[in-house]
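Open the model in your viewer and keep the selection panel at hand. Each stop below gives something to select and then says what is there.

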Amino acid sequence: MVAPTYDEIRRAPKALLHDHLDGGLRPATILDLAAGIGHELPAATPEGLGEWFVAAADSGSLERYLETFAHTVAVMQTREALVRVARECALDLAADGVVYAEVRFAPEQHLAQGLVLTEVVEAVLDGFREGAAEAAAAGTPIRVGTLLTAMRHAARSMEIAELSVQYRDAGVVGFDIAGAEAGYPPTRHLDAFEYLQRENSHFTIHAGEAFGLPSIWQAIQWCGADRLGHGVRIVDDIAADNSLGRLAAYVRDKRIPLELCPSSNVQTGAAASIREHPIGLLRDLRFRVTVNTDNRLMSGTSMSREMALLVEAFGYGWSELQWFTVNAMKSAFIPFDERLALINDVIKPAYAKLMS
Ligand SMILES: O=c1[nH]cnc2c1ncn2[C@H]1C[C@H](O)[C@@H](CO)O1
Ligand SMILES: [Zn+2]
């Protein structure tokens, strides 16, 4: 078997479920926006700034990794900036061969210069719409769904959950909580999750990244999460002989999607290296594994690069890359018929060609 090359992977259709809008800005855009508002940055060139983000995020701790977002959030405080960043995000993902993406951000972090929550959401939705239209015209169509995130240390989750329901027919496809995990269990936001369940809405929860099984257990059994953001620490419930504990068995039996983010996990210390990343084991055991970028800026990565790293580390070929892609598409928060159409009309024919 000849290993898929980076260029071939880039052209193959990919689906991405876990990508942060404020973790994926172009360095040149940050410089541009920062100059306009007098925000001081740690580097003066796009290359230097890109390198700074990767190095600063390479900290071994989620808390320090998250500190780097101060610079991206600072330049995303006006309608123009939000539209621009969202538009460029859709274009960059489409150029990388991503045909379906769920991109998340926390509206409550974009109110510092007077925008209100609805204005923030509408700016981002408009930006995605513009970017997707341009990408389609350029021959690289992409469907972008938005997830609204509430910050787990804050107390606005109910408000953000309501916002996600309010905009669910306008491009918002789900809800999430993010931020430092240790000390902020998902059950702090139980009212928001219960509300979303009553509203028949979808949500994922960052869990099992910087904290282990109790966080995953709460996310699923108390909060009712449809998917796990990361969830990588589910391996703590798998014995050396590969026998599954009750929680791991539940996650696998119920086909609960794991939004794994290899490079991000290495940077925050959730995995020692790509080669030692639990994605290899979890795939072998046939958990519902998906591959994701988390924060393209902080990891200096892309969807194609994450897949290429896995090809290199685990010897994966097209059949595994197709499996990850179909897993992601099956786990998406858009309606079933739309997921099926992307799988049958876009993903499978392309991989069939690559495998022939
Ligand atoms: O991997 C992550 N874990 C927890 N929180 C995260 C991660 N990546 C980004 N965030 C936070 C920082 C962002 O400002 C926020 C919304 O996108 O979500
Ligand atoms: Zn994340």
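## The annotated domain

Start with residues 13-348, which the UniProt annotation "domain: Adenosine deaminase" covers, according to an unreviewed entry. UniProt positions follow the numbering used here, feature names are shortened, and annotations may be inferred rather than shown by experiment. This is a predicted model: local features need pLDDT of at least 70, side-chain atom pairs count only at pLDDT 80 or more, and totals for chains, interfaces and linings use all residues. Residues are numbered from 1 along each chain as its sequence is written, chains are lettered from A and ligands numbered from 1 in the order in which they are written, and side-chain values use heavy atoms, with hydrogens and water left out.

Colour residues 13-348 by secondary structure. The chain there is 49% helix and 13% strand. Helices (H or I, at least four residues) and strands (E, at least two) are DSSP runs, numbered from the N terminus. The end C-alpha atoms of this stretch are 9 Å apart.

## The zinc site

Select the zinc ion (ligand 2). Which residues coordinate the zinc ion? They are His-18 (NE2), His-20 (NE2), His-206 (NE2) and Asp-294 (OD), at 2.1 to 2.2 Å. Donors are N, O and S atoms within 2.8 Å of the metal (3.2 Å for Na, K and Ca); water is not among the atoms, so sites may look incomplete.

Along the chain, the donors follow the spacing H-x1-H-x185-H-x87-D. His-18 and Asp-294 link distant parts of the chain, 276 residues apart. His-18 is in strand S1 (residues 14-20). Asp-294 is in the loop between strand S8 (289-291) and helix H14 (296-299). Both His-18 and Asp-294 are buried. Buried means under 20% relative accessible area, exposed over 50%, and partly exposed in between (1.4 Å probe, protein chains only).

Now check the angles. The 4 donor atoms of the zinc ion (ligand 2) give 84 to 171 degrees, and the site is irregular. Four donors count as tetrahedral if all angles lie between 85 and 135 degrees; four count as square planar and six as octahedral if opposite donors are over 155 degrees apart and all others between 65 and 115; anything else is irregular.

## Helices H9 and H10

Select helix H9 (residues 190-198). Its buried residues are Leu-190, Ala-192, Phe-193, Tyr-195 and Leu-196. They pack against helix H8 (157-166), strand S4 (172-178), strand S5 (204-207) and helix H10 (213-222). After H9 comes Asn-200, with a positive phi near 55 degrees.

Move to H10. Ser-215, Ile-216, Gln-218, Ala-219 and Ile-220 are buried there. Their cover includes S5, S6 and H11.

Gly-224 follows H10 and has a positive phi, near 80 degrees. Gly-224 sits in the loop between H10 and S6 and is partly exposed, at 21% relative accessibility. Leaving aside neighbours within four places in sequence, Gly-224 is in contact (heavy atoms within 4.5 Å) with Gln-197, Phe-203 and Ala-219.

## Positive phi in two loops

Select Asn-242, in the loop between strand S6 (227-230) and helix H11 (246-253). Its phi is near 70 degrees, a positive value in a residue other than glycine. Asn-242 is partly exposed, with a relative accessible area of 36%.

Go on to Arg-255, in the loop between H11 and strand S7 (258-260). Arg-255 is not a glycine either, yet has a positive phi of about 55 degrees. Its relative accessible area is 32%, so Arg-255 is partly exposed.

## Aromatic rings

Show the rings. How many aromatic pairs does the structure hold? There are 9. Rings of Phe, Tyr and Trp (its six-membered ring) pair if their centres lie within 6.5 Å; planes under 30 degrees apart count as stacked, over 60 as edge-to-face and the rest as tilted.

Zoom in on Trp-323 and Phe-324, a tilted pair: 5.7 Å centre to centre, with 55 degrees between the planes. Trp-323 is buried, with a relative accessible area of 17%. Phe-324 is also buried, at 1%.

Finish at Phe-333. Arg-227 lies over the face of Phe-333, at 3.8 Å from the ring centre. A charge sits over a ring if NZ of Lys or CZ of Arg is within 6 Å of the ring centre and within 35 degrees of the ring normal.
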